[in-house]
Amino acid sequence: MPLQHHEFTSESVSEGHPDKVSDQISDAIVDLFLSKDPTAKVAVETLTTTNRVVLAGEVRTNNGAVVTKDEMNQAARDVVKAIGYEQDGFHWENMTVENHVHGQSAEIAQGVEAGQGLHQEEGAGDQGIMFGYATDETPELMPATLVYSHQILRKLAELRHNGTNPELEPDAKSQVTLQYDGSRPVGVNAIVVSHQHKESATLEQLREIIRPVLQDVLPEGWFPAEDKFYVNPTGRFVIGGPDGDAGLTGRKIIVDTYGGAAPHGGGAFSGKDPSKVDRSAAYATRYLAKNVVAAGLAKRCNIQVSYAIGVAQPLSLYVDTFGTGEVGEDTIAKKLRELVDLSPRGIRNHLKLEAPIYGPSAAYGHFGRTPSEDGAFSWERTDLTSELSALIQ
C-alpha cells in the first residue's frame with residue numbers, strides 16, 4: 001500500500017555518547033588486528049563507565065601476528081583522546097583499562113572455516129537474518145530523518161573540535177521529526193538536540209549555537225517553529241559521557257543503520273571482523289539495495305538475506321520494493337544473485353572488507369557515507385547500476 005500523509009522520526013547520537021565510545025573502541029581493536037592480519041578473527045566488546053574501560057572478547061590471528069594487550073589498551077586511549085574526553089569523570093590519560101580479551105577457541109572454527117566440518121567451502125559463522133535498505137528521498141539514498149540527525153551532530157562536533165564553540169562537550173543526541181507526503185519529506189515538525197556542555201554555558205547560549213547548525217543542515221524554509229525546537233529539554237547537561245551513563249558496544253543498532261525506517265536483523269556491527277555475517281552481510285544487503293534504487297529499478301528497496309551456521313550461500317534472498325518497482329522483485333532477486341556472490345568469502349572479496357577500515361563507521365552511521373580511497377564504506381558504491389538498469393531497457 002502506498003504511503004500516506006504521515007510523520008516519521010529518527011535519532012542519532014554523537015561520537016561522545018557512551019555507547020558510541022564503546023563502539024569506536026571495539027572497532028579500533030578490529031582495525032588493529034586487521035592491520036597485522038587481514039584474516040584475523042575478532043569479537044571484542046567494550047564497556048565504558050566512570051573513568052574506566054573494560055574490554056572482553058575472543059581473538060585469533062592466522063599468520064603468527066601478535067597483538068598485545070598493551071596495544072589494545074593504547075588503542076582504547078587513542079579513541080577516547082580523539083573524541084576529546086578530558087573530564088574529571090572520564091579522561092583518556094588516567095582512565096583505568098581492564099583487558100579480558102583472550103584467544104578464540106579452536107572449536108569455533110569447526111564447520112565454519114573452509115575445509116572443516118561438513119562443508120568444504122567457508123560457511124557463515126552463525127545463523128541469522130540481515131537487512132539492507134535504500135530510499136530515493138535523499139542524495140545519500142537514506143531516510144531524510146536519519147541523514148539530518150547525523151549531520152546536525154557531526155557539524156556540532158566540528159565546532160567543538162576546531163574550538164569555535166568550546167562550550168560544547170562530547171556527549172550529544174539529536175532527534176528529527178519530518179512530515180511526509182507519501183514517501184517524500186515536505187517539512188520539519190520538531191527537532192530535539194540534547195548536548196553536554198561546560199558548567200559555565202547557559203541554555204540560551206546552547207540554543208543559539210545549535211540554531212545556525214540546523215539552518216545549515218535543513219532545506220531552506222524547514223526550520224521548525226520555536227516551540228518545536230527543543231534544546232536540552234530537561235535542563236542542564238554538564239555530567240555526561242561514560243561518567244553520566246555506562247556505555248556498551250552494540251546498543252545503537254538503529255542509529256547505526258536506517259533510523260527505524262527499515263527492519264534490523266538484530267546483530268550489531270562494531271567489534272566484529274568481516275567474517276561475521278552480522279556485519280558483512282548487512283553491508284552487502286545495503287550495497288545491493290542502494291544499487292537497485294540508484295539504477296532506477298525502484299524508489300525504495302528492502303533486502304533480506306538469511307544464513308545457517310556452516311553453510312556458505314544464503315538460504316534466502318528477499319526483495320521488497322514497496323510497490324515502487326519498475327520490474328518484478330523476483331527478477332531483481334535473481335539478477336542480484338548473479339552479480340554478487342553472497343557467501344561470507346564472496347562478500348569480503350567483492351567489497352574488499354579484509355582491511356582496517358572500520359573505525360570511521362563506528363560513529364554517525366554505517367550507511368549513507370562516502371566511499372574513501374582506503375576502502376572504507378565500499379558498500380556505498382553504486383557500481384552495479386549499469387547491469388541492473390538493463391533490466392528495464
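Predicted model: local features only at pLDDT ≥ 70, side-chain atom pairs only at ≥ 80, totals over all residues.
Residues are numbered from 1 along each chain as its sequence is written, and side-chain values use heavy atoms, with hydrogens and water left out.

**View A. Helix α1 crosses helix α2.** Here α1 covers residues 18-36 and α2 covers residues 69-83 (helices are DSSP runs of H or I, at least four residues, and strands are runs of E, at least two, numbered from the N terminus). Their axes come within 9 Å and cross at roughly 130 degrees (axes are lines fitted to C-alpha atoms, for helices over the stretch in contact, with angles from 0 to 180 degrees between N-to-C directions). The pair is therefore oblique (under 35 degrees counts as roughly parallel, over 145 as roughly antiparallel, 65 to 115 as roughly perpendicular, and the rest as oblique). On the α1 side, the contact includes Ile 25, Ile 29, Leu 32 and Phe 33; on the α2 side, Met 72, Val 79 and Ile 83 are among the partners (contact means heavy atoms within 4.5 Å). By class, this contact has 12 nonpolar, 1 polar and 2 charged residues (Ala, Val, Leu, Ile, Met, Phe, Trp, Tyr, Cys and Pro are nonpolar; Asp, Glu, Lys and Arg are charged; the others, Gly among them, are polar).

**View B. Helix α3 crosses helix α4.** The axes of α3 (residues 144-161) and α4 (residues 203-217) come within 10 Å, crossing at roughly 130 degrees. That makes α3 oblique to α4. This crossing is right-handed. Tyr 148, Ile 152 and Leu 156 are among the α3 residues in the contact, and α4 brings residues including Ile 210, Val 213 and Asp 216. The class tally for α3 with α4 is 9 nonpolar, 1 polar and 2 charged.

**View C. The structure's cavity.** The model holds 1 cavity of 30 Å³ or more (on a 1 Å grid over the protein atoms alone, a set of points where a 1.4 Å probe fits but cannot get out; lining residues have an atom within 4 Å of a point). The largest cavity has a volume of about 80 Å³ (the space filled by probe spheres set on the points, which are joined across faces, edges and corners). Its lining has 14 residues, with Phe 131, His 264, Gly 265, Phe 269 and Ala 282 nearest the centre. The lining splits into 8 nonpolar, 5 polar and 1 charged.

Terms used: Left-handed = near helix turned anticlockwise from the far one by under 90°. 1 Å grid on protein atoms, 1.4 Å probe; cavity = no way out; pocket = protein on both sides within 12 Å on 5 of 7 lines; lining within 4 Å.
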